Amino acid sequence: MTPTAPSRLRRPHLGRPRPADVSAGLVTGLFSIPEGMAYAAIAGFNPVAGLFSGVVPAVVGSITARTVLMVTTLTSAISLTAQSVLADAGLDAGSGGNIAMLAVMTGLVMLLMGVLRLGVVLSFVSNAVMTGFSVGIAVQIITGVLKDATGYKPQGHNKLVQLGDWVVHVGSWELAATLTATATVGVWALAHAVKRLRTVALLIAMVVVSSAVAALGTGVELVEGIADIPSALPHFTAPDWSAFPHLLGGAVSIALVALAQAAGIAPTVPNPDGSRSSVNGDFAAQGAANVAGALFQSLPVGGSLSRTGVAVSAGARTRWTGIFSGLWLAAIVLTLAPLAERIPMPVIGGLIIVVGTELIAGKIPDIRLVLKTSPLSTAAMALTFLATTELPLQQAVILGAVVSLLLYCAQAARQSRLLALEPAGDGRWRTAPPPDRLTPGQVTVLDYNGVSLFAELPRMDRSWPAPAEGAVLVLVVRTLPDVPSSAMIKLLRRKADELHHAGGHLILAGVQPPLARIVADTGLAEHLGPGAVVPATGTLFGPLDTALRDADAWIAAHRNAPAPPSP
C-alpha cells in the first residue's frame, strides 16, 4: 500500500461544508452589505456594484483559491484604483460595459501572472513602500466620505489639503449629517468594546442608527437617493471591448494592488485542512473571480484581508464559508433590497471613517518599525504616502514599485563587501578587512559577498587591494549569482589586467557551473589563463584548497622564470 503524503503537502479540495461554515458565511455576507456599498460609494461607483462584488467573485474565488479561507471581494484600495484608472482613461465610471471590461482585463492579468508563476514579483515591493501606500489609501478612504459624513465637500487638489480644508470649515458642516455619522461611530465603538460583537460591530452600527434615523425622520440623504437596489440577482453585463486599449495599463495597476493586498492573507490565515497555500494559485483564483464577476455587475476584486478576518473570527472552517457568504448576500439582496435603500449616507460615511481609521491604527506598528529601520526606508515610506495622496493611484503603484527597486539596489550595494580570509590553524579561517595592497610573492585570499548588482561595484572597486609584483589574489566567488551583471565581468577582467601588468595573477575559486559557462562564453576564462577558474565542489573549502595549491605553483614558477633580456 502506498503511503499517503503528509497533510501539509496536500492540495486543497472542496470537501464538505460544516455547520460553522454556514453561520460564518452568513456573518461575512451581512458584513459585506455596509462594507461593499461603502467601498463602491467612496470611489463614486454605484453602491449596488459594491454589493454584487461580494456575490459571484466570492463564490468563484473560494472554490478555486489555494488559500482555503480567503474571501475574494471588493476592497477600498481596489475600488479607488479602479476609479482612478477609469478617470485617467477618460471613461465613464457609471458605464457597466466599461466596468466589466476593466474587471475582465484585471482578471486576465492576474491569471497570466499566476500561470507564469510571477508571485515572486511581490517580494520586490518593500514593507516600507506598502506601509506608505496603505496609509495613503486610508487617508483617501477617509477624505472620500467626508461629504457623506458631514455634508461639506472639502476643496483642494491633494487629499491632505482636502483634510485640512474640511477641518477649517467646521462651521459649514450640516448638523443632521454630522450627528448621524457621529452616532454611527459611537454605536460601533460600544459594540466593538464587546468581544463577542466585534465581528459584527459595523453591521450593528448600520442597523441601529439607520433604524433611529427612520424612526426620527431625520432629513439626511439615503442610499435610494443615489442608487436603486433591485430585488434581483446580478444580471449579465457584456464588456465594452472598445475600452480595451485605454485600460490595459490600468488593469495591470489594479492587479498589482489587489495581489499585493492578498499576498498577506496566506501567512496570516493558514489552511485549516493542512493543505499548502500558493501565491501563484491564489493569483489565478482571483483572476477567475474577476473574469466571472465582471460578467455579473461586479467591480474589480481581490483577496480581502478584512472580509477574511471576519470569516475566521466568525468560525470559518473550510472554503465553503466564502461560498456561503456569496450565496447569503445574494439571498439578502433578493429579499431585503428595500431596506438596504433606506440606509442613510452619513451612516455609510461614519462606517468608512471607522474602517479608514482602523487601517491607519493597524499600520502604526509598521510605521514605527520602518522609522527605526533606516533613513532610506523612512524616505521610501514617506514618498509613497505622499504620492498616494497626490497622484492617481495607478501612478502611485508604479512609483512605489520603482521606489522599492531603488531601495533594494541601495541596500544591496551597501551590503556587498570583500573580506580577507586568513588561516587560523587546524584548517579554519578567520575574516579580516582586505589589505590596501597585496604582498609581493604571496597569496592573498578574498571572499566576495554580494549579488553582483552594478550599483555595488564602486564599493567593491574601492576595497580591492592594489596589485604587487608576483602576488596572487584568490577571489572566492561561491555566492556570486549564476547570472552576474555584465559590469561584474568587466570589473573582474579589469582587475585581472591590473594584476597581470604588475606581474601578478588572479584566480577565481568556487565557481558554480552556470557561472562557469558564462565566464567561458564571455572570454573571461581564457583572459585569466589556464587553471585560473576553479569550479565549485561538494566540499565547502575544497575549491579554495585547490586554488591555493595552484597559486603556490604559479608563484614558484614565476620566481624560477628567467628574467627577460635587457634591451
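Modeller: The second largest pocket is lined by 33 residues, and those that lie nearest its centre are Ile-42, Ala-43, Gly-44, Gly-144 and Lys-159. A pocket here is an open set of points on a 1 Å grid over the protein atoms alone, where a 1.4 Å probe fits and protein lies on both sides within 12 Å along at least five of seven lines, while lining residues have an atom within 4 Å of a point. The model is a predicted one, in which local features need pLDDT of at least 70 and side-chain atom pairs count only at pLDDT 80 or more, whereas totals for chains, interfaces and linings use all residues. Residues are numbered from 1 along each chain as its sequence is written, and side-chain values use heavy atoms, with hydrogens and water left out.

The volume of this second largest pocket is about 710 Å³, taken as the space filled by probe spheres set on grid points that are joined across faces, edges and corners. At least two lining residues come from each of α1 (19-42), α4 (76-88), α6 (127-144), α7 (146-150), α8 (159-168) and α17 (375-390), helices being DSSP runs of H or I with at least four residues, numbered from the N terminus. Among the contributors, α4 gives the most, with four residues. By residue class the lining divides into 14 nonpolar, 13 polar and six charged, where Ala, Val, Leu, Ile, Met, Phe, Trp, Tyr, Cys and Pro count as nonpolar, Asp, Glu, Lys and Arg as charged, and the others, Gly among them, as polar.

The largest pocket, for its part, has a volume of about 1,200 Å³, and of its 42 lining residues, Gln-261, Leu-305, Ser-306, Leu-359 and Lys-363 are the closest to its centre. The lining of this largest pocket comprises 19 nonpolar, 18 polar and five charged residues.

Turning to the aromatic side chains, the structure holds three aromatic pairs, a pair being rings of Phe, Tyr or Trp (its six-membered ring) with centres within 6.5 Å. One of them joins Trp-166 and Trp-173, whose rings are stacked at 4.4 Å centre to centre with 20 degrees between the planes, and stacked means planes under 30 degrees apart. Trp-166 counts as buried because its relative accessibility is 15%, whereas Trp-173, at 24%, counts as partly exposed; buried means under 20% relative accessible area, exposed over 50% and partly exposed in between, with a 1.4 Å probe and protein chains only.

Definitions and conventions. Rings of Phe, Tyr and Trp (its six-membered ring) pair if their centres lie within 6.5 Å; planes under 30 degrees apart count as stacked, over 60 as edge-to-face and the rest as tilted.
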